[in-house]
Every structure is written in C-alpha cells, then in structure tokens.
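Let us walk through this structure step by step.

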Amino acid sequence: MPCFESVYTKEYAQQLDAADPLARFRNEFYIDEDSIYLDGNSLGLLSTRAEQSLLDVLDSWKQYGIDGWTKGKHPWFYLSESLGEKMASLVGAKGEEVIVTGSTTTNLHQLVSSFFRPEGKKTKILADELNFPSDIYALKSQLHLQGFDPEEHLIKVKSENGHLLNEGDIIAEMKEDVALIVLPSVLYRSGQILDMERLTTAAHQRNILIGFDLCHSIGAIPHQLRKWDVDFAFWCTYKHVNGGPGSVAALFVNEKHFGRRPGLAGWFSSNKQKQFDMEHTLTPAEHAGAFQIGTPHIFSIAPLIGSLAIFAEAGIDQIRKKSLKLTAYMMTLIEHELSDYQFTIQNPRDERRGAHLYIEHDEAARICKALKEENVIPDFRSPKGIRLAPVALYNTFEEVWNTIQVLKFIMKEERYKKFKNERDVVA
C-alpha cells in the first residue's frame, strides 16, 4: 500500500489507481468523465469491444443474409455454444456445461421444470425470503403447474436481520420433504456471498438437488461450480458481464445430468446434427445445449463476444482482487467521512461480500436523487437502501473518494431535502 500521510486523501486514491494492474481496461469503456457510474451491478457499461462485436454480427446479416447461420466470423447457429465455452471459466465449468440462452427467469423455469421431480414425501422447494422477486414468482409458478400450493410447498428460509442469511439456518431446512433447492449466490440487497460449496455438500448428503442464481456474482467473483458439484445454475449477462440491456442470459448444467430431458423442449433443444431432420420426436443435444428452447436472439447475444474477450484478458481472480480493494476503501471512507450522518453499512465487512456495498439511511430515496443531480449514479432499493458498486474493470479509487466527498456535501448542505423521499418508477 502507498505510504501517504492519510488514507483519506485524494492523493492516496490516485496512488492506488497508479498501481492498479487493471487500469488499462477503463479506456475500453464508454464513460462519461463528468459523472461517476456506480450502478454496474444493475447494468454494466458498454465497451468498445462489445460494440464492435455487435456491429460485426450486424454486418454478417448484411453480407450473408440467411447464410449467416453457418458463415462469417461468428456463425449464428453455433454462437450459444461457442460463447458458453468462453464463459465457462467464469463459473468453473467445462465448456459443454454452459450455454448462453434465454433470459434469467426463462432459464429458471426451464431448470426447475427439468429438475423438480416431486415424488412421495419430496414435494417441496427450498428458497429464501431475501431472494430477488422474479425467482420467487417462477418457483411459485412451477409449483402451481405441478398442482401444489406454494404457501405450503415453497419454504423460504428466514433472515434474522432482514439483510443476511445464516447458512446453518438454510441447512436446517433441508428436510426429507425437500426435492429441490434454489438460492442466490450473492444476495442482491446486502451483497452477502453464500457458501455454495457447503450448501451443495449438505444438500447432496440429504439427497436433494441444488441450483444457484448467479446474477449478482457472475463476472464479479470466481466460481467453481464443477468442483463444488452444483447441479445447475443460471444468470444474466447485463450486470457485471457488460452484455447490454436485455442481453442473452446463460445457464450451467452439471455434466452428470447430461441426458436428462429438458422440461421445456424446443427447437434449439435439439442435437444440432438432427435439428434439420424436422422430426416430431426430439433428439436433445448431449450437453447443456439441450436446455435451450428457442432461436437465440442474435443481436442481443453479439455484445458478449467482445465483453468476454475482455474478461479472458483481465482474469476473474484479478477482477475479484481489485473489487475487494475498491469496496474496502469505500467502507473505510464511509465510516470516516460520514460518521455524523446516520448511515449504516449492511453488507458483510469481510470477504463474504460481493462486488457492491449496501448502506441504509432513512432518507435513502432522496439521497439517491441528490447523488444523481451531482452526477453520481447509485442504485436505490426500497425501503431505505443505497447500493454502490465500484466495478473493477472501469471504476477507479479516485472515483470512490470523490463519491464519498459528494455524499458528505449532500448531507452537510441537506441538498437531498428538495426531493421527495420516494422511489421513481424505475429504481
């Protein structure tokens, strides 16, 4: 660490940036230098490589027409599989265990319909009360389709404080009537990382299948899904992976489950050698590709070509190392500079935190509006949460320092009071 007189100075932050091995990647992103973007955990920024790969695929349509499915630099027919191979290192999987397809919730529906097989006493799904709402909607929907009442058959593990989950409490709910477990890898509010290896081991000891939602961890922390023997996982690509709004999601299916028939079969579930035989009997792909449903959204998948190339160069371990330093530095500044303003840090302080901080304040909604007015882009979560995500690939330590100075100014001058303390339509 640099030896400045005080870690609270801008010079200290600048020295950290000077020593940052990932600093060069910032130049690859479209950044408004007059603002500080700290919402990459909701939507990552556009990179020049992602832009170029989208233009390349657009050009292949222009040049080849329908032959773009099999010709050109990135043949569309094989794009989901080739990107799955490139993304596999981010989740610790074999290339054939990952497929880029669908949306997060569509993939969850597919996986639950494929892996939830209620039989005898095993008729329940185990989740948690802090999960993102869409996951719960999907799980309830799947239970309804199987003829079960979600009020009885969906178990949601309680949180003691409304922010964190105790893994011991989760394991205690792994009872003999549970057939399937679906949990987040990182809690979307507090940023807590769950111990996926411990939970998977406990589930399998009780003959329960388990899967994870990686939306808030993919591209931010390393995973070892294959080593941990996770059964399945699913995730979006528009947050830390920087695939763009509505970019195509992805899923992982453990190799040991290859051959399991997809619960929701479709045109692209097919073995590619058989797909155009046009038979009415499906021959599924022999890998994770079997869990595709429809035709890939080519222009929504294309930016991932460029984005994943950046991850291959930067390395997820280096990204995680810098992310921890960024968030640790931000917490240090919050505690020093904002001690008089009733902010509470609710995310884990140790390395069980993901890539964003979650701080609470009774005036959070209008504080976020005041931050935006000062060109700092945060993320509000009802009722009183502020998420701040300094992203390792494009945010700097100096931006972290400046953010806290802006926040201190807003609080000292009470600039937030001119706004209503309620969320906008999109928060």
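Predicted model: local features only at pLDDT ≥ 70, side-chain atom pairs only at ≥ 80, totals over all residues.

**Charged pairs across the chain**

Which residue does Lys384 pair with in a salt bridge? The partner is Asp362, and the closest N and O atoms are 3.5 Å apart. The pair links distant parts of the chain. Asp362 sits in the loop between strand S10 (357-360) and helix H13 (364-373). Lys384 sits in the loop between strand S12 (379-381) and strand S13 (385-388). The two residues are 22 residues apart. Asp362 counts as exposed, at 55% relative accessibility.

Why can such pairs form at all? Side chains of opposite charge can pair when their charged atoms come close. How many salt bridges does the structure hold? The count is 30.

Now look at Arg24 and Glu313. Their side chains meet in a salt bridge, at 3.7 Å from N to O. Arg24 lies in the loop between helix H1 (10-18) and strand S1 (36-37), and Glu313 lies in helix H11 (residues 303-314), so the pair ties together parts that are 289 residues apart in sequence. Arg24 is partly exposed, with a relative accessible area of 46%. Glu313 is partly exposed too, at 44% relative accessibility. This pair also belongs to a network of salt bridges. The network links Arg24, Glu28, Arg49 and Glu313.

Next, find Glu337. Glu337 forms a salt bridge with Lys408, and the closest N and O atoms are 2.9 Å apart. Glu337 lies in helix H12 (residues 316-337) and Lys408 in helix H14 (residues 397-412), so this pair ties together parts that are 71 residues apart in sequence. Is Glu337 buried or exposed? Glu337 counts as buried, because its relative accessibility is 11% and buried means under 20%. Lys408 counts as partly exposed, at 28% relative accessibility.

Finish at Asp169. Asp169 lies in helix H7 (residues 167-172). Asp169 is partly exposed, with a relative accessible area of 28%. Which residues does Asp169 touch, not counting those up to four places away in sequence? They are Val157, Lys158 and Glu160. Asp169 and Ser159 are ten residues apart along the chain, and their C-alpha atoms are separated by 8.7 Å.

How values were computed: Residues numbered from 1 in each chain as written. Heavy atoms only, no water. Helix = DSSP H or I, 4+ residues; strand = E, 2+ residues; numbered from the N terminus. Buried < 20%, exposed > 50% of the residue type's maximum accessible area, 1.4 Å probe, protein only. Contact = heavy atoms within 4.5 Å. Salt bridge = Lys/Arg side-chain N within 4 Å of Asp/Glu carboxyl O.
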